[in-house]
Amino acid sequence: MLSRLSDRLARLEEIAAAALAAAVTLLILVNVAFRAAGSPLYWISELAIYAMIWMTFLIAGAVLKRRQGIAVTLVADALAGFGRRLLMALVDLAVLVFAVLLLWLCWRWYQPLELARLGFDFGAFQGETFNFIYAENTSTLGIRKFWVWLILPWFALSLTFHGVVNLGSALRGLCDPVEAHGASGNQPPGASR
């Protein structure tokens, strides 16, 4: 069940990333047209940059879920059977450790419990913590940057979930090689598609 949920989440991330890629293209074309007409819209450039950042983090989660990241497969290609499956489990463990660390850092950065304790008063939060995450505005859009930066906690949470599912699949594959490939449809590093 968790594997199917992870697959669906990755698919939604791919769809959202594709929509953002289309939006970036459209925004850049609109910006080019307005610049050619002598009336540039500066906020479009900033919006395109933020859309590209969100697109990148969304697709990165899906790519890592599918174990399709760029990799040097020299060691994986040299291994067979149990050694390859063990390497896959170690890679999945490293991804999960990174995701959990990033999630923890985002928690410390946003400090949601402290903000709630102070009644969501941004001024009191800043005075108490010297954390100005909720105060800084974007340059031309005029929205608070923390809304833009929410992609980081999302990525960390999504990658943690994908990492747990992938590691579980890899660990099952250490015990039962058929289970590893049948349950998730993912292949070990270096396997041809």
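This is a predicted model: local features need pLDDT of at least 70, side-chain atom pairs count only at pLDDT 80 or more; totals for chains, interfaces and linings use all residues.
Residues are numbered from 1 along each chain as its sequence is written, and side-chain values use heavy atoms, with hydrogens and water left out.

Back to Glu 136: its partner in a salt bridge is Lys 145, with the closest N and O atoms 3.0 Å apart. A salt bridge here is a side-chain nitrogen of Lys or Arg within 4 Å of a carboxyl oxygen of Asp or Glu. Lys 145 counts as buried, at 16% relative accessibility. By this rule there are seven salt bridges.

Another one joins the side chains of Asp 7 and Lys 65, at 3.3 Å from N to O. Asp 7 sits in helix α1 and Lys 65 in helix α2 (residues 42-65), so this pair ties together parts 58 residues apart in sequence. Helices are DSSP runs (H or I, at least four residues), numbered from the N terminus. Asp 7 is partly exposed at 26%, whereas Lys 65 is buried at 1%.

Then look at Asp 92 and Arg 67, whose side chains meet in a salt bridge of 2.6 Å, N to O. Asp 92 belongs to helix α4 and Arg 67 to the loop between α2 and α3 (74-78), so the pair ties together parts 25 residues apart in sequence. Both residues, Asp 92 and Arg 67, are buried. Elsewhere, Arg 11, Glu 14 and Arg 66 are linked in a network of salt bridges.

Now for the second largest pocket, with a volume of about 200 Å³. A pocket is an open set of points on a 1 Å grid over the protein atoms alone, where a 1.4 Å probe fits, with protein on both sides within 12 Å along at least five of seven lines; lining residues have an atom within 4 Å of a point. The volume is the space filled by probe spheres set on the points, which are joined across faces, edges and corners. Among the lining residues are Leu 103, Trp 107 and Leu 157. Helix α4 gives the largest share of the lining, four residues.

Key:
Helices (H or I, at least four residues) and strands (E, at least two) are DSSP runs, numbered from the N terminus. Buried means under 20% relative accessible area, exposed over 50%, partly exposed in between (1.4 Å probe, protein chains only).
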